[in-house]
Amino acid sequence: MLARVAENMYWMARYLERAEDLARLIDVTTHLHLDLPRGSTPSWGTLLTLVGAEESYREKHGTAEDEGRVLRFLLGDKDHPQSLRAAIAAARSNARGFREVFPREAWEDINGLYHFSQEQLKSGLSKRGRHTYLRGIITRVQTVVGRLEGAMNRDEAYYFIELGRQLERADMTTRLIDSSSARLVPQEGSGGARFDDLQWMSVLKSLTGYQMYRLEMQRAIRSESVLAFLFQSSRFPRSVAGALLALRRSLEALDPDASLPRRLPQVLRQVSQLEPEGLAGEKLHALIDELQQGFADIHGQLERRYFRPSRSADPETAS
Amino acid sequence: MTINWGSYAQPGLFDEWVTEKGRLRAGFRQLGKRFSTYSMDALHDRSASLERAIKEQGVTFTVYSEAHGSIDRSWPLDLMPRILRRQEWLTIEAGLAQRVKALNCLIDDLYHDQRCIKDGVLPAFLLENSANFRPQCVGVNPPLGVWAHICGSDLVRHEDGQMYVLEDNLRVPSGVSYMLENRGVMKRTFPELFANFAIEPVDAYPSQLYDTLCALAPHRAQPEVVVLTPGVFNSAYFEHAYLAQQMGCELVEGRDLVVNSQDEVFMLTTRGRARVDVIYRRIDDAFLDPEAFNKDSLLGVPGLMRAWKAGKVALANAPGAGVADDKAVYCFVPDLIRYYLGEAPLLPNVPSYICARKEEREYVLDHIDELVVKPVNESGGYGMLLGPQATPKAREAFRKKIQRNPRNYMAQPMLNLSTVPTFLGQAVEPRHVDLRPFILSGESVQVTTGGLTRVAMRKGSLVVNSSQGGGSKDTWVIDEGGR
């Protein structure tokens, strides 16, 4: 298929996944803050760090990180690509470029998602309407994903969508794990340990992984087992390994004879070999940084291989 | 309440279904009676289900507004069909085929010996001042000698009942996808009429188009045909995507194509490059190739003209075909039919005045309040003066424009377009229509059965453009007598 169309599909899927995960992250953080002990101030700025939007936020709003401002920025800002609104708009504009090869209903669903995200934004910014708004976004993204799953031939188009979705998912899951190292819950005062558990639980819930964790690990919430589950479980589809394995399967289906992008097996090995015991704080954060660099490298390799064929007139002679 | 044809008729209009006395015309009686068996409520229900079908099939067109950028709107289709009697249609069909053959002869002649000018059939000044003559095309021999492979001609019926050709669009005519979608929607809306009346099908077009394009391919048995679009923000993008999908072709943009030093064209795919043999281009000449035409164009493909001239790729329509898509050249088409084909024209032109000629210009300047004055190189109804409706000030301004640049204008009498019954929610009333059939030229010439009927939805209005509130109708070529 056309390289441009493949790239559009890949990015549409990335933005859709990003929108869904952002909605999950914001929803769960909001709930967590409601459980905080009286007297401690929730840090909304951490959310900005997690999605890598700290700098663009500072440029716009300085250092004031109150709930209203941060949420307006993450939900409704048009100008930076990490906002929910911008992600959905970008998914839609990518989808426009290949309407002729895309199930018609899926295009209508994406349009519906886009209009919902714009029209209901005001209610999403209110404390009472937020949860309903975010659930609405998540459900609508899931509808698109389900529609594609059920309607598309397993051909190139489908696999490029899968590549985008799984790579974005691996990346967003590491950001959610990072939230524990970033300390959404301030540690001052008593009860720090208890709130550690609370925080892990909220990370699991944001990935709809709480039940799955219980089923798979059969144990109480403990930092190292949650980390093992979220990084390494090959059964949980939102774990880092789960997403990367799905990515690998799509690549193998897409191009059975080609070698995998060099960085993919490396990153997978790093994930399966990591030692969750004692992994916390700075050490965890550094590991996650490294993984995210790995994802970026994988993206670069996909881009070079599939999306950017040489434009020179005679590539054979142009070297 | 049902349609009462007796009270439907309005004096001073030529209605295609009903005479001025309120009687259904011959050839329309059975269908007309059939329509008057539906109650207004039943028509209302059908109209609602028609609109649902349009929405479900995702038939849209794009409009621009300052505030919202480009927006997709549902395509407007009227519940009542436009009907053409088969007998009349056969003449129109033959007339269109004849016309397009002559136009292709003309284009080929203009880029070669210019016999028609030497023989005095076409005045030389028309060519000297033509905005669409491309010197880059001189001497080129496109496959089969055909330049305009896809033509959309606009026909109107005057109050004398006669069909006239209003203009021929030889550049990138659009609308055929709506003709096809209209039929799909109407079949869902009136299945019983399609079962009981001999309505001729229209859906052969995409495969005829594909065959026409394949026949242009230089050499290869399994040619790669692509549709070239300016992109998603073009107002006809729906049609580009639709036709690509119907033909099973790739829909490409300029940036998806490269031309190598052997003048071969390739598209950039996820598996490297793939050779392209035929391009159905929906981009104007000026944006086709920045090497040859508009240096600032980002839409085009550098080297495409080279590849075309070398015969390594076929372009439909050929660059330069627009030279015959000129309202001043239009005036000479009947003469050109006689000249190239040695035949009498089957379809008349609307009487026209060429402002470049002194006597005709003076007539136009004196009678501007009775005439429609058109710039010769515009399409889509832009830059026109409707004399009878214009203010004295606007007329004066137009007189000046004509005097400054007479070659740029032609004029025609204000036509009283025929009307067709149109559903307006509570009633059926006459509204003005035109017709755009599409003509394919390759190894043979094929004409769509009927075409796209456009209708002015406002009472008395003659403006049928969808960007200006016009609607459309399904066009039924029919042989009454039932089945």
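**Helix packing, chain contact and backbone**

Author: Helices α11(A) and α12(A) are roughly perpendicular to each other. This is a predicted model.

Reader: At roughly what angle do the axes of α11 and α12 of chain A cross?

Author: Helix α11 covers residues 210-217 and helix α12 residues 223-232 of chain A. Their axes come within 11 Å. Angles of 65 to 115 degrees count as roughly perpendicular, and the crossing angle here is roughly 105°.

Reader: How many nonpolar, polar and charged residues has the contact of α11(A) with α12(A)?

Author: From α11(A), the contact draws on Met212(A), Tyr213(A), Glu216(A) and Met217(A). From α12(A) come Ser225(A), Val226(A), Ala228(A) and Phe229(A). Sorted by class, these residues are 6 nonpolar, 1 polar and 1 charged.

Reader: How are α7(B) and α10(B) placed relative to each other, roughly parallel or roughly perpendicular?

Author: In chain B, helix α7 spans residues 176-189 and helix α10 spans residues 237-247. Their axes come within 9 Å and cross at roughly 70°. The range for this class is 65 to 115 degrees, so α7(B) and α10(B) are roughly perpendicular.

Reader: Which residues of α10(B) meet α7(B)?

Author: The contact of these two helices has 6 nonpolar, 1 polar and 2 charged residues. On the α7(B) side stand Val176(B), Ser177(B), Tyr178(B), Leu180(B) and Glu181(B). They meet, in α10(B), Phe238(B), Glu239(B), Tyr242(B) and Leu243(B).

Reader: What area is buried between chain A and chain B?

Author: Chain A brings 26 residues to the contact and chain B brings 31 residues. Carbon and sulfur atoms give 42% of the area buried between the chains. That area is about 2,300 Å².

Reader: How many salt bridges are counted between chain A and chain B?

Author: Over all chains, the whole structure holds 56 salt bridges. Between chain A and chain B there are also 15 residue pairs in polar contact, both residues at pLDDT 80 or more. The salt bridges counted between these two chains are 4.

Reader: Where in chain B does Glu253(B), the partner of Arg4(A), lie?

Author: Arg4(A) and Glu253(B) form a salt bridge, with their closest N and O atoms 3.2 Å apart. A separation within 4 Å is required. The pair crosses between chains: Arg4(A) is in helix α1 of chain A, and Glu253(B) is in the loop between β7 (250-252) and β8 (257-259).

Reader: Which peptide bond in chain B is cis?

Author: Most peptide bonds are trans. Asn317(B) lies in the loop between β12 (314-316) and α12 (327-330) of chain B. With omega near -10°, the cis bond runs from Ala316(B) to Asn317(B).

Reader: What is the phi of Thr208(A)?

Author: Most residues other than glycine have a negative phi. Thr208(A) is in the loop between α10 (192-206) and α11 of chain A. Although Thr208(A) is not a glycine, its phi is positive, at about 45°.

Conventions
Residues are numbered from 1 along each chain as its sequence is written. Chains are lettered from A and ligands numbered from 1 in the order in which they are written. This is a predicted model: local features need pLDDT of at least 70, side-chain atom pairs count only at pLDDT 80 or more; totals for chains, interfaces and linings use all residues. Side-chain values use heavy atoms; hydrogens and water are left out. Contact means heavy atoms within 4.5 Å. Buried area is the accessible area (1.4 Å probe) that two parts lose on being put together, summed over both. A salt bridge is a side-chain nitrogen of Lys or Arg within 4 Å of a carboxyl oxygen of Asp or Glu. A polar contact is a pair of N or O atoms within 3.5 Å; within protein, one must be able to donate a hydrogen and the other to accept it, and residues adjacent in sequence count only if both atoms are side-chain atoms. Axes are lines fitted to C-alpha atoms, for helices over the stretch in contact, and angles run from 0 to 180 degrees between N-to-C directions. Helices (H or I, at least four residues) and strands (E, at least two) are DSSP runs, numbered from the N terminus. Angles under 35 degrees count as roughly parallel, over 145 as roughly antiparallel, 65 to 115 as roughly perpendicular and the rest as oblique. Ala, Val, Leu, Ile, Met, Phe, Trp, Tyr, Cys and Pro count as nonpolar, Asp, Glu, Lys and Arg as charged, and the others, Gly among them, as polar.
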